[in-house]
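Student: I'm new to this one. Can you walk me through the structure?

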Amino acid sequence: MAIRIGRSAVGYGEPVYVIGEIGLNHNGDVELARRLIDVAADAGAQAVKFQKRTPEIATPEHMRDMPRETPWGTMSYLDYRRRVEFGVAEYRAVAEHAASVGLDWFASPWDVPSVEFLEALGEFGEEPVAYKVASASVTDLELLRAIAATGRPVICSTGMSTIEEIDRAVEALGTDRLVLMHATSSYPMPAEEANLRMIDTLQLRYPGVPVGYSGHEPGLQISLAAVALGAVAVERHITLDRTMWGSDHAASLEPQGLQHLVRDIRIIGEAMGDGIKRVFPGEEAPRAKLRRVLVP
């Protein structure tokens, strides 16, 4: 089963849907966001993803007054969240830029007002093509029902979740337009926590629901292994420079890394084949030269 997301069909037998996760790596700067969109487009990804929060709702109570060292000075964690949040003008700008370079765009809303905010962009014809449920939001059933009520495709990450929590999330979201993403929410993620066999577990547990992979590991190997194991989508954080200020940059791919990831994903896609044994054209000459016994 394939799910239509923007310009692409996402599912088994379709090209792997590659998402460049910008998240908050734009650091509140629209020009930086545009440059990251260009990085994703140049690499051959199909989509970019942002995060949308209402800081007063999405910031945990115990974190609000914690001091945070930022490029703009020391401020409370709540004020930092306000500082890096995009509003209507910024989202219109990134939506327009993504469209201009042929990319889908969407976001992870972290609260119900953020869903309403993103839906309201439809007034300008710049609404997201889908919604992403962040791993942190898997248990927020009110949010999940609000997302499901939009009727848009949903991509749901499953990090930091028990299988029972995923069951409840799938029930709330429905399966008609759902893509699940295996994920482990360690930043950066060590290889021993990847647990890639969960891709098969999710495929078996939710028949008909495409399963992808959202990675936070250094390097490319684990994401490529996920594709070989059947992941229909791959999401990776992207940055211009892993040494930039911000919580997600260190676990992100730089431009060349994303280019190599997409290149290798496409090679794996070509190499997977259809599972039907045949003699390929390139084998005909060696067959004629080397086979001593020919079967009629």
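**Aromatic residues and strands**

Tutor: Phe50 and Phe86 are both buried. Keep in mind that this is a predicted model.

Student: How are Phe50 and Phe86 arranged, as a pair?

Tutor: They form a tilted aromatic pair. The ring centres are 6.5 Å apart, with 45° between the planes.

Student: Where do Phe50 and Phe86 lie?

Tutor: Phe50 lies in strand S4, residues 47–52. Phe86 lies in the loop between helix H3 (77–84) and helix H4 (88–100). The pair therefore ties together parts that are 36 residues apart in sequence.

Student: And Tyr91 with Phe117, what kind of pair is that?

Tutor: That pair is edge-to-face. The centres are 5.7 Å apart, and the angle between the planes is 70°.

Student: Which helices do Tyr91 and Phe117 lie in?

Tutor: Tyr91 is in helix H4, and Phe117 is in helix H5, residues 112–120. So this pair ties together parts that are 26 residues apart in sequence.

Student: Why does Tyr91 count as buried?

Tutor: Because its relative accessibility is 0%. Buried means under 20%.

Student: Which residues form the aromatic cluster?

Tutor: Phe50, Phe86, Tyr91, Trp105 and Phe117 form one cluster.

Student: How many aromatic pairs does the structure hold?

Tutor: Nine.

Student: What lies over the face of Phe117?

Tutor: Lys52 does, at 4.1 Å from the ring centre. Elsewhere, Arg68 lies over the face of Tyr80, at 4.6 Å from the ring centre.

Student: Which way do the residues of S11 point?

Tutor: Val211, Tyr213 and Gly215 point one way. Gly212 and Ser214 point the other way. All of them are buried.

Student: How many bridges join S10 to S11?

Tutor: Four, and the two strands run parallel. Strand S10 is residues 178–183. One link to look for is Leu180, whose bridge partner in S11 is Val211.

Student: How does the chain cross from S10 to S11?

Tutor: Through helix H8, residues 198–205. This β-α-β crossover is right-handed.

Student: What about S11 and S12, how do they pair?

Tutor: They pair in the parallel sense, over three bridges. Strand S12 is residues 233–237. Ser214 has Glu235 in S12 as its bridge partner.

Student: Which helix does the chain go through from S11 to S12?

Tutor: Helix H9, residues 221–228. That β-α-β crossover is right-handed.

Student: Where is Leu261 found?

Tutor: In helix H10, residues 255–272. Leu261 counts as buried, because its relative accessibility is 0%.

Student: What is Leu261 in contact with?

Tutor: Set aside its neighbours within four places in sequence. Leu261 is then in contact with Leu220, Ser223, Leu224, Val234, Arg236 and Leu253.

Student: How far apart in space are Leu261 and Gly219?

Tutor: 9.1 Å, C-alpha to C-alpha. In sequence, Leu261 and Gly219 are 42 residues apart.

Student: On to the backbone. Is the peptide bond from Tyr187 to Pro188 cis or trans?

Tutor: It is cis, with omega near -15°. Pro188 is found in the loop between S10 and H8.

Student: And where is the place of Asn195?

Tutor: Asn195 is in the loop between S10 and H8. Its phi is near 50°, a positive value in a residue other than glycine. Asn195 is partly exposed, with a relative accessible area of 47%.

Student: What is phi of Asn27?

Tutor: Near 55°, which is positive in a residue other than glycine. Asn27 is in the loop between strand S3 (17–23) and helix H1 (30–43). At 14% relative accessibility, Asn27 counts as buried.

Student: Last one. What does UniProt list for residues 36–277?

Tutor: The UniProt record, an unreviewed entry, lists "domain: PseI/NeuA/B-like" there. In the model, that span is 40% helix and 18% strand. Its end C-alpha atoms lie 42 Å apart.

Definitions and conventions:
Residues numbered from 1 in each chain as written. Predicted model: local features only at pLDDT ≥ 70, side-chain atom pairs only at ≥ 80, totals over all residues. Heavy atoms only, no water. Buried < 20%, exposed > 50% of the residue type's maximum accessible area, 1.4 Å probe, protein only. Pairing = 2+ DSSP bridges. Right-handed = clockwise from strand over helix to strand, strands pointing away. UniProt positions renumbered as here; feature names shortened; annotations may be inferred. Phe/Tyr/Trp six-rings, centres within 6.5 Å; stacked < 30°, edge-to-face > 60°. Lys NZ or Arg CZ within 6 Å of the ring centre and 35° of its normal. Contact = heavy atoms within 4.5 Å.
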